[in-house]
Amino acid sequence: MMSTPLFSDKVAEIFVKVDDFCNHFENEFNKHGLPAPSGIKKRNRKATLTDSEVITILIAFHGGQFRNFKHFYCHYLCHHLRDCFPNVVSYNRFIELSHRCAVPFMLFLHYCCRGECTGISFIDSTVLRVCHNKRIKRHKVFKDMAKVGKTTIGWFFGFKLHLIINDKGEILSFYLSQGNTSDNNAKIITRMSKEIFGKVFGDKGYINKALADLLFDDGIQLITAVRRNMKQKALSNEEKLLLRKRSVIETVNDELKNICQVEHTRHRSVAGFILNIMSAIAAYSFFPKKPSIKNDIEETNPKLIKQFNQPKLTAA
């Protein structure tokens with residue numbers, strides 16, 4: 001577990017960034033808000049904890065040092081971080097306040113926690129199970145929302161989190177879909193790639209000629225591995241090397257699940273499920289070191305070097 005002084009410094013760093021955004025959001029929200037009807041009193045009393053403090057606490061929990069949020073809030077934050085949050089409330093009250101700050105939290109995630117596209121991107125999806133397969137029929141929280149899907153590992157019941165990252169490991173775009181959604185769904189990928197340019201590398205699940213042509217019209221080149229019964233594509237040596245480095249996004253998925261806890265089966269509401277995903281992605285953006293690939297890629301395997309140096313076959 002991280003020591004208290006270091007953890008306090010990290011919490012302060014997160015709070016400064018969140019508080020600046022929340023102040024700007026509140027000013028803009030008040031400018032464009034509808035006026036209250038005349039003769040009707042409107043309560044405008046502020047909560048004990050501000051939105052920036054609530055968001056900071058949610059992000060701090062997903063930093064990877066704790067596994068149970070109630071234990072983190074009641075036994076660690078209320079005792080060891082009392083100087084950072086002097087106006088802490090009860091655990092039940094905090095859960096109520098966390099649902100109120102969902103809108104500014106989503107906007108903060110969109111504008112402050114995403115990376116910049118560098119022209120080299122990687123796309124993949126990961127499974128978010130909401131219960132064990134034996135309890136699918138009696139599951140109630142996500143009834144009629146979560147769906148049964150299948151991956152190379154096996155069947156599951158839940159959702160899929162689609163990600164696009166750059167070569168620095170920064171998340172550029174994310175999308176939550178039902179578990180039975182295909183990875184190469186054109187509607188989802190076109191929405192995720194609105195601000196993406198250059199080359200996007202994916203696995204065999206993204207093989208779709210219509211999708212590749214659609215992205216190519218938008219200035220995006222989708223590069224995927226080929227199946228055994230398909231002809232090899234004419235790729236440059238750099239593209240072949242980058243395609244082999246696609247596992248970097250698998251490492252990002254692993255950190256989101258095992259460190260940031262984006263997946264667990266203890267959800268009691270849909271709102272808590274969404275807040276958990278947003279908190280995990282925001283916490284990942286504050287990691288000082290993320291999985292990345294080197295700018296100067298150099299292959300050291302003699303067999304692959306010989307394969308790359310072979311002349312390309314072009315269609316007549």
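Helices (H or I, at least four residues) and strands (E, at least two) are DSSP runs here, numbered from the N terminus. The model is predicted, so local features need pLDDT of at least 70 and side-chain atom pairs count only at pLDDT 80 or more, while totals for chains, interfaces and linings use all residues. Residues are numbered from 1 along each chain as its sequence is written, and side-chain values use heavy atoms, with hydrogens and water left out.

Q: Where does N68 sit, and is it buried or exposed or partly exposed?
A: N68 lies in the loop between α2 (51-61) and α3 (69-80). Buried means under 20% relative accessible area and exposed over 50%, with partly exposed in between (1.4 Å probe, protein chains only). N68 has 38% relative accessibility, so N68 is partly exposed.

Q: Which strand pairs with β1 in the antiparallel sense?
A: Strands pair if DSSP finds at least two bridges between them. β1 (residues 120-129) has nine of its ten residues buried. With β5 (residues 198-202), β1 pairs in the parallel sense over three bridges. The antiparallel pairing, over nine bridges, is with β3.

Q: Which residue in β3 stands opposite S125?
A: β3 covers residues 155-166. Opposite S125 in that strand stands H162.
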